[in-house]
Amino acid sequence: MQIKIDDNSGFCFGVVRAITEAEKALEVGSTVYSLGDIVHNRMEVQRLESRGLRTITHADMDQLAGARLFIRAHGEPPTTYAKARALGIELIDATCPVVARLQQRVVEAYEKMAPIGGQVVILGKRGHAEVVGLTGQVEDRALVIENEQDLERIDFTRPIYLLSQTTQSIALFNRLGEEIMRRAIDPEQVTIVDTICRQVSGREQHLTEFAARFDVVIFVCGRKSSNGKVLYEVCRKANPRTYNIEEAKELDSAWFEGVHSVGICGATSTPKWLMEAVAEAVDTLQTKH
């Protein structure tokens, strides 16, 4: 049986940078506290925790006076920085540069919309760390939409400025953008800026082609990864025999009966070492059979 790991899958630039920063910080000095999971992958979080990283929530910040706090690639709202300053917390800021640029764009969009009674609309997952950081740039005065049903919440008589979370689907963004233009009373008052990260979005087309090449596809990602959910659906559409797992022990030998080829791929938050472990486990399963 042929087993192939997708070369394009795995950590995006922003996550690689964040994990490198965390590893450097862990090599020197005291404990490093991460504000939320450093990456939406339980296995990678456990690996870093074994090296001294501690995952905390915003509620824990009050107990961290003088400690070292890691800001992950998703970024944070300005209130987090202000609180850290007040508590004398040393920040290790690993906000992805693509996300940091988008945060600035949200501010600029709001500055354009506020004087003319317009709305800043962000396509994103409500409650997702990146989206919380984005809306926090303008004191939560931006509207977050997740799907076509959410368009009902937009006032189409007023100007609209549409942006997107960096890991959203381009197809969904384009579809919602077209619908907003169609419904707007004055389409000239609609600004649409595609802020989707191309290192992430380019994977959709690639994975469609990759998944179609194999009898079975194993998509490896953490349960919390919103990018993982999007890319898993891309694979499943291209190949109905796509299975989503978080780690190798979830593999089922029945999936591989009579199978000649298996493709293994993952999300932007899936470490390469984990996909390699899954490939080894698939190989072991077929050897047993």
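Author: An open sheet is formed by four strands in the order S1-S12-S10-S11, with parallel pairing. Helices (H or I, at least four residues) and strands (E, at least two) are DSSP runs, numbered from the N terminus, and two strands pair if DSSP finds at least two bridges between them. The model is a predicted one, in which local features need pLDDT of at least 70 and side-chain atom pairs count only at pLDDT 80 or more, while totals for chains, interfaces and linings use all residues. Residues are numbered from 1 along each chain as its sequence is written, and side-chain values use heavy atoms, with hydrogens and water left out.

Reader: Which strands stand at the edges of this sheet?

Author: Strands of a sheet pair through backbone hydrogen bonds, either parallel or antiparallel. Here the edges are strand S1 (2-5) and strand S11 (242-245); each has a single partner strand, so one side of each lacks a neighbour in the sheet. From one strand to the next, the twist averages 20°. Axes are lines fitted to C-alpha atoms, for helices over the stretch in contact, and angles run from 0 to 180 degrees between N-to-C directions.

Reader: How many bridges join S1 to strand S12?

Author: S1 and strand S12 (residues 261-266) run parallel and are joined by four bridges. Ile5, for example, has Ile264 as its bridge partner in S12.

Reader: Which helices lie across these strands?

Author: Contact here means heavy atoms within 4.5 Å. Helix H7 (residues 198-212) lies across S1, strand S10 (216-220) and S12, and runs at about 160° to S12. Helix H8 (residues 226-238) lies across S10, S11 and S12, at about 160° to S11.

Reader: How many aromatic pairs does the count give?

Author: Rings of Phe, Tyr and Trp (its six-membered ring) pair if their centres lie within 6.5 Å; planes under 30 degrees apart count as stacked, over 60 as edge-to-face and the rest as tilted. The count comes to four aromatic pairs. In one of them, the ring centres of Phe210 and Phe214 are 4.8 Å apart and the planes stand at 50°, so the pair is tilted. Phe219 and Tyr232 form another tilted pair, 6.2 Å centre to centre with 45° between the planes. Because Phe219 lies in strand S10 and Tyr232 in helix H8, this pair ties together parts that are 13 residues apart in sequence. Ring pairs also link Tyr243, Trp255 and Phe256 into a cluster.

Reader: Are Phe219 and Tyr232 buried or exposed?

Author: Buried means under 20% relative accessible area, exposed over 50%, and partly exposed in between (1.4 Å probe, protein chains only). Phe219 and Tyr232 are both buried, and Phe210 and Phe214 are buried as well.

Reader: Which residues touch the most other members of the largest nonpolar core?

Author: In soluble globular proteins, nonpolar side chains tend to be buried together. A nonpolar core is a set of buried Ala, Val, Leu, Ile, Met, Phe, Trp, Tyr and Cys residues joined through side-chain atoms within 4.5 Å. The largest has 21 residues, of which Ile19, Val32, Ile38, Val39, Leu48, Leu53 and Phe70 touch the most other members. Helix H1 (13-27) and helix H2 (42-49) are the elements that give two or more residues to this core, and H1 gives the most, with six residues. Apart from this core lies another, of 18 residues, among them Val259, Ile264, Ala279 and Val282.

Reader: How many salt bridges are there?

Author: Side chains of opposite charge can pair when their charged atoms come close. A salt bridge is a side-chain nitrogen of Lys or Arg within 4 Å of a carboxyl oxygen of Asp or Glu, and the count comes to 21. Glu179 and Arg183 form one at 2.9 Å, N to O. These two residues are four apart in helix H6 (residues 170-183), and are therefore separated by about one helical turn. Glu179 is buried, at 13% relative accessibility, whereas Arg183 is partly exposed, at 25%.

Reader: Which salt bridge links distant parts of the chain?

Author: Arg126 and Glu146 form such a bridge, with their closest N and O atoms 3.8 Å apart. Arg126 is in the loop between strand S6 (119-123) and helix H5 (129-136), and Glu146, 20 residues away, is in the loop between strand S7 (143-145) and strand S8 (160-164). Salt bridges also link Glu23, Glu44, Arg47 and Arg51 in a network.
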